[in-house]
Amino acid sequence: MKCRFSIALATLCATLLLSGHAEGAYDPVVSGSTNITFAKPFLGVLRSHGVKLQVRGGTLRGSRVTLPASGGEIDPKSGTGTVESAGTVVFVAGARKVILRNVVFQAKRAPLYAKVGGGQLKLASGARVADKRSGFGAEFSAAGMRLTAKLATRLNKKLRLGKTLSGGQLLGALRVEAQPSTVHLQQKGKMYLNVDPAFASKLNGLFVSLNPVAPAELSSGPTLSFPIGQESTLAPDASSGTVKLEGQVELLQLGSAQMFWREVWLEPVAAALLIESDVRPAPPHPGVAPQGPLLSLSAGGMTASDPSARSISIIGRPVTLGSAARLLNEAFADGKPTFAESETVGSISVTGAAE
């Protein structure tokens, strides 16, 4: 019985690991377009029955409809995801209309959906979907899309076409371009915190040692380094996202206090390094405090982005004390204002590679 339980447990763990590994790292779509090129025979049949094609909130050039992306999510690495579109496609026959709203692309053999009337309708099936990387985003294409029976029935009924259209007729081809607002980063590369000499001198003057906790490291400078961790994201222009860093920092004053900085996250949109602090012994010190913006990012430094290499860099951005100044004074300076908010701690540099 024990053996069977062990085998079942091992199987369950393996299944969970495999399913977790298979899940994609989806990036939110911020820009792009959905381009539908209707097959000439399909449009020809419609035109012969007095049906015109119109587009609102997009463009129509010949047989090609272009709608701007309005949302969705993609995993460029696996070539999967969805792209939502703004605008509408309208089939018009006199006063009668069929309006396709909220057009959505899905990377599968039934790639095109839209809201028609009161519900969502599958527009196309039988497509051959291909994908390729496009900078930080992806491009999708689908050839040989076939009209679904449900869309054919809706068009026939609403536009009074009789049985002109039927499921399986060639509908056309599709090309979708999608760029993300943030990308998931690979677990390689590091963030470097180059400690300002004046700040390091203050710590030394108070006999406070700066000690990395693995996998964080300390090199000459002094420079602290933190590996980029799981589920880290960053915008292509480095303006947003959350870079979750591995490792910790210990600030130790022998015979007095010990402070840890854990859960160090870089959040450009908040202009902060979020840190969970732990000041010991507690009491009299506060102990563990929730993660918060203890260090602030000041203006300065530079950012660089290389879509072809899918790399994003922040170089030499100044870091200053936020609420960490109060904690440092209480822990190591007997409450005296030795450290001040907005005081320079150093500068950070990080280069992330998109998945």
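**Entry: ground rules.** I call a residue buried under 20% relative accessible area, exposed over 50%, and partly exposed in between, with a 1.4 Å probe and protein chains only. This is a predicted model, so I took local features only at pLDDT of at least 70 and side-chain atom pairs only at pLDDT 80 or more, while totals for chains, interfaces and linings use all residues. Residues are numbered from 1 along each chain as its sequence is written, and side-chain values use heavy atoms, with hydrogens and water left out. Helices (H or I, at least four residues) and strands (E, at least two) are DSSP runs, numbered from the N terminus.

**Entry: Lys190.** Lys190 is partly exposed, at a relative accessible area of 27%. Lys190 sits in strand S14, residues 190-195. I then listed its contacts, meaning heavy atoms within 4.5 Å. Leaving out residues up to four places away in sequence, Lys190 touches Glu217, Ser225, Phe226, Pro227, Ile228, Ser349, Val350 and Thr351. I also checked Ala272: it is 82 residues from Lys190 in sequence and 17 Å away in space, C-alpha to C-alpha.

**Entry: helix H3.** Which residues of H3 are buried? In this helix, residues 149-158, I found Leu151, Ala152, Leu155 and Asn156 buried. Seen down the axis of H3, these buried residues fall within an arc of 130°, so they line one face of the helix. The arc is taken over the directions from the helix axis to the C-beta atoms. On the other side of H3, Lys150, Thr153 and Lys157 are exposed. What do the buried residues of H3 pack against? I get helix H2 (40-48) and strands S6 (88-93), S7 (96-106), S9 (119-125) and S11 (137-147). Just after H3, Arg160 has a positive phi of about 60°.

**Entry: strand pairing.** I count two strands as paired if DSSP finds at least two bridges between them. Strand S1 (residues 27-38) runs antiparallel to strand S4 (residues 64-75), with seven bridges joining them. Thr34 has Leu67 in S4 as its bridge partner. S1 also pairs with strand S12 (residues 170-180), antiparallel, over nine bridges. There, Val29 is bridged to Pro180 of S12. Further along, strand S24 (residues 302-306) and strand S25 (residues 311-321) run antiparallel and are joined by five bridges. Asp306 has Ser311 in S25 as its bridge partner. The hairpin of S24 and S25 has four residues between the strands, and in it Arg310 takes a positive phi near 55°.

**Entry: cavities and pockets.** I used a 1 Å grid over the protein atoms alone: a cavity is a set of points where a 1.4 Å probe fits but cannot get out, a pocket is an open set with protein on both sides within 12 Å along at least five of seven lines, and lining residues have an atom within 4 Å of a point. Grid points are joined across faces, edges and corners, and a volume is the space filled by probe spheres set on the points.

How many cavities of 30 Å³ or more are there? I get four. The largest cavity holds about 60 Å³. Its lining is Ile36, Phe38, Phe42, Val89, Phe91, Leu100, Val103, Leu112, Leu123, Leu151 and Leu171. S1, S6 and S7 each supply at least two of the lining residues.

For classes, Ala, Val, Leu, Ile, Met, Phe, Trp, Tyr, Cys and Pro count as nonpolar, Asp, Glu, Lys and Arg as charged, and the others, Gly among them, as polar. The lining of the largest cavity has eleven nonpolar, no polar and no charged residues.

The second largest pocket has a volume of about 160 Å³. Its lining includes Gly229, Lys244, Glu246, Arg262 and Trp265. Strand S21 (residues 257-267) gives the most to this lining, with four residues. I sort the lining of this pocket into three nonpolar, four polar and four charged residues.

Entry: A cis peptide bond joins Ala214 and Pro215, with omega about 10°. Pro215 is in the loop between strands S15 (208-213) and S16 (217-219). I found another cis bond from Pro283 to Pro284, omega near 10°. Pro284 lies in the loop between strands S22 (272-280) and S23 (287-297).

Asn102 has phi near 50°. Asn102 lies in strand S7 and is partly exposed, at 46% relative accessible area. Ser342 has a positive phi of about 75°. Ser342 is in the loop between helix H5 (324-332) and strand S26 (344-353), and is exposed at 57%.
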